[in-house]
Amino acid sequence: MIKIIEIIKKNFRLLLRSRTSALIVLLGPLILMLLIGFAFNTTSLFDIKIGTYSSSYSELSSSIITKLEDDQFTVVKVDSEQKCIDMIKSNDVHVCTIFPPNLNVRTSDKITFYVDKSRLNFVYIILDRISSKIATKSTELSTALTNRLLTSITNTNAKLGSAKTISSDLESSSSSVAKVTSDISSIDTSVTEANFTGVKDEIKNVQDKNNFSSSMFTKLRSLITDIETQYGSAVAKITSIASIKDSSSKSLNEVKAKLSGNIQDAKEIEKNIKEVRDDINSIEIKDVSRIVSPISTEIKPVSAESTNLSYTFPTLVLLVILFAGLFLGSTSVMEEKMSKAYFRNFITPTKDILFVVAQYISNIMIVLLQLIIIFGVMLFITKASIAIEVLLNIFLILLLSGSVFVLFGMLIGYLFKSSETANIGAISIGSLLLFFSNTILPIETLPRAIRNIVQFNPFIVGESSLKKIILFNEPLMNILTSIYILAGFVVLLFILAYVTRELTKRQLS
Amino acid sequence: MGKEQPFVQLENVSKWYGKSLVLDKISLNIPYGDIFGIIGKSGSGKSTLLTTIIGFLKPSEGKVYFQSHDIYNDIREVQQQFGFAAQEVSFYPRLTVSENLQYFGKLYNLTTKQVKERIPQLLKLVNLGGNEKLLGWKLSAGMQKRLDIACALIHEPKVLLLDEPTEDLDPILRTELLDLIKKINREKNVTVVLTSHLLNEVEYVCNKVAILHDHKIIASGTVNELKENYSKEHEVGIGLEEGYNEEFMNMVKKIPAVKKVSVRQGKIYLYTNKGSEILKKMLGVSLHPNKKKFNVVSISLSKPSLEEVFEELTGKTNLSSSHDDKENEVKSKYDEKLNDVKDIISKTSNIKTK
């Protein structure tokens, strides 16, 4: 046990005796965690730019834009759909929203979102955020539409309610008319037929004989009596009819009055029904699905649909050259430094810069060889064919990115005194570059100040350039800035590596 | 280039590492064609001095001249003329012998043809012929040292600087290497500058010597000049048939004029300022009737070794033992072995005589 403790004590003494080793071992992870913790301890997305285009912005599209314009999103109106798509490719906007001309809830047109699906982790975060904004608007619209329907129903209900009184009035009128009809049918129209034949015969006898006799007048008087009787009966009947006529006239006047009121009511109902119909006709959205979901959206990728491998390929390639470059650079330099021959190199009539150049070329050749293998396998799997021009562009970006990482590794190798610390240094740098890229979390989750620095992360620069070339077929002219940044890194790191190597001479003396 | 004209010249060279002074106004003339030894204890600045001569380190003060030209005026040209083998071998262990030579040949601006011509010659010179395809790390310690020297010679330098070349080698390999240095000096006409703290070796191989002590050159000249100038004593060397005899040692230690007794390479050395008196006594011993007790086979009288000069100048008792116990241990083992060998040889010759 004592021996174990002694060995452990010795190991710690050795570790702490090398200041750089102690620093990297003890403080390295701490700094890494602090940086990452500080940077990513947020749920917000910062400075998300949304490009929008519509040949004719409607009130609805404008209101959606207003909804989107808050702290997180900056909306940029673009002149054309293609330009908007191009801006995604150049990372000037993160999502492109195309509003159909004169977008309104009546039409079934869809709002199209163009996204860069190669940024899988970012796309879904941002779409989620935008969708929630649009869903809010959609809910508002849906509520308004439903309210409109309910109002119409209420109005209709109120207006139709008044139709009930007309029916009772009509029933009453109908009873009155029935009574009149009954009264009229009850009129006795039978009249006893007067026997004017005997009168005519007697009158004839009178005329024939000119001899008036009592018998002859008796008979006449009887006839006249009959006529009187019949007349009396007729007068009675006419009197009855007159009575019926009065009552019928009264009833009919009542009915007339009621019908007149009913006509007014009917007109009112007719008017109400017309209003209800107008009201109903004025409801623009009657389609259930449109009421439930008044805004339809569609998501389209800016590049041609590809497999997930195609989308992630640029990142994977960059990941490989990041770690291969860092470790190859640091290991090869460390091996050279530890080599017995290191000193002899310094005393030959050879410019020191040549050693750095040769070391760099050796390492980059190995990295490029690895890339050739990766590309070969990739092309074999995807059966894709890449144009020579595109291939050359890819090669340029990979050469520059690989050079940055190799030189970074070489710098680490020249800086540190032992292989162990150089390895920890390489891992730390690699992790840092990886964490502050879009691979694990989108850099849009970083605060602006950090993002302003992180956007120059060579991993991000290389990855985005590679995506532009591979996924969007962008020409080199469109990624010149990235090329300059990477080239700048190459020059800077080369100078640093060279200067650091010169300083290692002191360790040899 | 005249033999005595300075080939490499140091003029008031001082070197500071921060606040610590490593070389203090060193002035030195190294003539063309010599094997020049720089002796001094560990930490005296020997390696710094050599690396300053080849231009790897720039002196804080003073100048270094090569053929009367300041080496920093054209350091690349000077590097082309200098070969250097550090204390530790400096080649790629995972490259073969010929690959190492080819690599360094190219760094010294040789053409492929030149490299191809020189490799066999050089390997022959350093006795590594037939080992071209062996990986560096597979070579024995002596072979590695010779390959290292070959790497330093691939560009045919005019000056070869060797920093403690026999360090960590066993006695037999040391002798081989010292002979190789002589051979290189002789056959390649290369001026050799070497450092060592093994004074007998320096004495064995060097024409001229400079003593570096407390970061200064305290004496320089030929070995004999140093002995003449800096030692008033004589060294009486006595060879016994049996090599070493404790009784004889005790006897000579009791002689009042004898200041010190030491054993070196199988011989007993007495140091005295009455050399002739002691010589007579020893002759008396050898001629004494009881001489069979101490069978003296040789007696010599000379100025003392370089070690005595060094002691005289620096006031140190023993350069080797004071600074390198391991070295001393190896040395005594070497002496013992040598005594054994000589004993056997002596006995064999006696048998033959009989």
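**Figure 1. Surroundings of B:Glu201.** The side chains of B:Glu201 and B:Thr166 make a polar contact at 2.5 Å; a polar contact is a pair of N or O atoms within 3.5 Å, where within protein one must be able to donate a hydrogen and the other to accept it, and residues adjacent in sequence count only if both atoms are side-chain atoms. This is a predicted model, in which local features need pLDDT of at least 70 and side-chain atom pairs count only at pLDDT 80 or more, while totals for chains, interfaces and linings use all residues. Residues are numbered from 1 along each chain as its sequence is written, chains are lettered from A and ligands numbered from 1 in the order in which they are written, and side-chain values use heavy atoms, with hydrogens and water left out. B:Glu201 belongs to helix α7 (residues 199-205) of chain B; helices (H or I, at least four residues) and strands (E, at least two) are DSSP runs, numbered from the N terminus. With a relative accessible area of 7%, B:Glu201 is buried (buried means under 20% relative accessible area, exposed over 50%, partly exposed in between, with a 1.4 Å probe and protein chains only). Not counting residues up to four places away in sequence, B:Glu201 touches B:Thr166, B:Arg174, B:Leu178 and B:Ser196, where contact means heavy atoms within 4.5 Å.

**Figure 2. Disulfide of chain A.** A:Cys84 and A:Cys96 are joined by a disulfide with an S to S distance of 1.9 Å; the criterion is a pair of cysteine sulfur atoms within 2.5 Å. The torsion about the S-S bond of A:Cys84 and A:Cys96 is about 130°, so the disulfide is right-handed. Because A:Cys84 lies in helix α4 (residues 81-89) of chain A and A:Cys96 in strand β3 (residues 95-98) of chain A, the pair ties together parts that are 12 residues apart in sequence. A:Cys84 is buried at a relative accessible area of 0%, and A:Cys96 is buried at 0%. The structure holds 1 disulfide over all chains.

**Figure 3. Interface of chain A and chain B.** In this interface, 20 residues of chain A are in contact with 25 residues of chain B. The two chains bury about 1,900 Å² between them, 57% of it on carbon and sulfur atoms; buried area is the accessible area (1.4 Å probe) that two parts lose on being put together, summed over both. In chain A, the residues that lose the most area to chain B are A:Lys340, A:Arg344 and A:Pro349, together 40% of what that side buries. Between chain A and chain B there are 2 salt bridges, a salt bridge being a side-chain nitrogen of Lys or Arg within 4 Å of a carboxyl oxygen of Asp or Glu. B:Arg94 forms a salt bridge with A:Glu335, with the closest N and O atoms 2.2 Å apart.

**Figure 4. Salt bridge of B:Arg118 and B:Glu156.** The side chains of B:Arg118 and B:Glu156 meet in a salt bridge at 3.6 Å, N to O. This pair links distant parts of the chain, 38 residues apart: B:Arg118 is in helix α4 (residues 112-125) of chain B, and B:Glu156 is in the loop between α5 (141-153) and β7 (159-163) of chain B. B:Arg118 is buried, with a relative accessible area of 15%, whereas B:Glu156 is partly exposed at 40% relative accessibility. Salt bridges that share partners join B:Arg118, B:Glu156 and B:Lys188 into one network.
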